[in-house]
Amino acid sequence: MDKSARSSMWEDLQAGRRTEIDHLQGEIIRLAVQLGRPAPLNRRVLALVKDAERAKKGSPGLAPEAVSEAL
């Protein structure tokens, strides 16, 4: 994989635009609810991206460990 490659969501955050996080993680969370599953990691990712959208400071650049800290 190209180390300089970035996702469209990263590009959206850098540009201060809304991302597609509600469609991606939101759908997973809705399906988890239907199945009676908690999906804590998906909820955490959704919250982090929504926070980054509101801050309009670009990608928070979190390591995987930082994402799972609050679980």
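At 16% relative accessibility, Gln25 counts as buried, because the cut-off for a buried residue is under 20% relative accessible area. The model described here is predicted.

Gln25 is part of helix H2, which covers residues 21–34. Its side chain makes a polar contact with the side chain of Asn42, at 2.7 Å. Apart from neighbours within four places in sequence, the residues in contact with Gln25 are Asn42, Val45 and Leu46.

**Overall make-up**

The chain has 71 residues, and buried residues make up 28% of them. Its secondary structure comes to 4 helices and 0 strands, and from the N terminus on the elements run α-α-α-α. The C-alpha trace spans about 35 × 25 × 25 Å along its principal axes. Of the contacts between residues at least 6 apart in sequence, 51% join residues at least 24 apart.

**The H2 and H3 pair**

The axes of H2 and H3 come within 9 Å and cross at roughly 150 degrees. That angle makes H2 roughly antiparallel to H3, since angles over 145 degrees count as roughly antiparallel. The crossing of H2 and H3 is left-handed. On the H2 side, the contact is made by Ile21, Asp22, Gln25, Ile28, Ile29 and Val33. On the H3 side, the contact is made by Asn42, Arg43, Val45, Leu46, Val49, Lys50 and Glu53. Gln25 and Asn42, the two residues joined by the side-chain polar contact of 2.7 Å, are both in these lists.

In soluble globular proteins, nonpolar side chains tend to be buried together. In this chain the largest nonpolar core has 5 residues, namely Met9, Ile21, Ile29, Leu46 and Val49. Helix H2 and helix H3 (40–55) each supply at least two residues of this core. Leu46 belongs to the core and is also in contact with Gln25. Val49, another core member, has contacts with Met9, Leu13, Thr19 and Ile21 when neighbours within four places in sequence are left aside.

**Loop residues**

Ala39 is in the loop between H2 and H3, while Lys56 is in the loop between H3 and H4. Ala39 is buried, with a relative accessible area of 11%, whereas Lys56 is exposed, with a relative accessible area of 56%.

Lys57 is also found in the loop between H3 and helix H4 (64–68). At 73% relative accessibility, Lys57 counts as exposed, because the cut-off for that class is over 50%. In sequence, Lys57 and Gly16 are 41 residues apart; in space, their C-alpha atoms are 7.1 Å apart.

| Residue | Relative accessible area | Class |
|---|---|---|
| Gln25 | 16% | buried |
| Ala39 | 11% | buried |
| Lys56 | 56% | exposed |
| Lys57 | 73% | exposed |

Terms used. Residues are numbered from 1 along each chain as its sequence is written. This is a predicted model: local features need pLDDT of at least 70, side-chain atom pairs count only at pLDDT 80 or more; totals for chains, interfaces and linings use all residues. Side-chain values use heavy atoms; hydrogens and water are left out. Buried means under 20% relative accessible area, exposed over 50%, partly exposed in between (1.4 Å probe, protein chains only). A polar contact is a pair of N or O atoms within 3.5 Å; within protein, one must be able to donate a hydrogen and the other to accept it, and residues adjacent in sequence count only if both atoms are side-chain atoms. Contact means heavy atoms within 4.5 Å. A nonpolar core is a set of buried Ala, Val, Leu, Ile, Met, Phe, Trp, Tyr and Cys residues joined through side-chain atoms within 4.5 Å. Axes are lines fitted to C-alpha atoms, for helices over the stretch in contact, and angles run from 0 to 180 degrees between N-to-C directions. Angles under 35 degrees count as roughly parallel, over 145 as roughly antiparallel, 65 to 115 as roughly perpendicular and the rest as oblique. A crossing is left-handed if the near helix is turned anticlockwise from the far one by less than a right angle, and right-handed if clockwise.
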